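Hi there,

Here is the structure I promised to pass on to you. Have a look at it first, and my notes follow below.

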Amino acid sequence: MQDEVFMRKAIELSMLAVEHGNEPFGAVLVKDNEMVFTNENQIYTRHDPTFHGEAGLIREFCAQTGITDLQEYTMYSSCEPCFMCSGAMVWIKLGRLVYAASNMELEKILGNEGCNCSKMVFDNSFWQPQVTAGVLREESLVILNAYFEKHEKG
């Protein structure tokens, strides 16, 4: 399945983020079944707490290409996007979002209750990307658990 192929890349990027000194989140942008852009979380190496996998990908892709309407694109994320990243997906009119682990699962790892961030943002916005959740969920959870067992969030 194509979703699993691209999600594997997002999860690989989450592992690279950790190797590079950041938190374990990765994102991949796809159009017409071709990977067009990737990004890993870079909040520590860029000294920018907003440079999440998804938000960073959106900023860099739009800046480099001049494309700001992503209705024909799918973003794969190793974990459900936060409120900030979900809001950015509304503004670029992302066509589809596919994520592995949910924010509720991440928050449980962190000892919090959590919520379904992307659904809350999308359901209350002028634009709602199609969403597919849980693709390679277990693989993502292994990485999140391993990282946050030894590190605090943020």
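How many helices and strands make up the secondary structure of the protein? There are six helices and five strands. Please keep in mind that this is a predicted model. Starting at the N terminus, the order of the elements is α-β-β-α-β-α-β-α-α-β-α.

On overall shape, the radius of gyration is 14 Å, which agrees with the value near 15 Å that a compact globule of 154 residues would have. Along the principal axes, the C-alpha atoms fill a box of roughly 40 × 30 × 30 Å. Of the 154 residues, 49% are buried. Looking at contacts with a separation of 6 or more, 59% are between residues 24 or more positions apart.

The part I would look at next is strand E3 (residues 73-79). Seven of its seven residues are buried, so E3 is largely enclosed by the rest of the structure. Strand E3 also pairs with two other strands, as follows:

- With strand E1 (residues 26-31), the pairing is antiparallel and has five bridges. Within it, alanine 27 has serine 77 of E3 as its bridge partner.
- With strand E4 (residues 96-101), the pairing is parallel, again with five bridges. Here tyrosine 76 has valine 98 of E4 as its bridge partner.

Finally, the surface: the accessible area is about 7,700 Å², and carbon and sulfur atoms account for 51% of that. The protein has 12 positive and 22 negative charges, and the mean positions of the two sets are 1 Å apart.

Best wishes

Definitions and conventions. Residues numbered from 1 in each chain as written. Predicted model: local features only at pLDDT ≥ 70, side-chain atom pairs only at ≥ 80, totals over all residues. Heavy atoms only, no water. Helix = DSSP H or I, 4+ residues; strand = E, 2+ residues; numbered from the N terminus. Rg over C-alpha atoms; globule rule 2.2 N^0.38 Å. Buried < 20%, exposed > 50% of the residue type's maximum accessible area, 1.4 Å probe, protein only. Contact = heavy atoms within 4.5 Å. Areas by Shrake-Rupley, 256 points an atom, 1.4 Å probe, with all protein chains shown as cover. Lys, Arg positive; Asp, Glu negative; His and termini not counted. Charge placed at Lys NZ, Arg CZ, Asp CG, Glu CD. Pairing = 2+ DSSP bridges.
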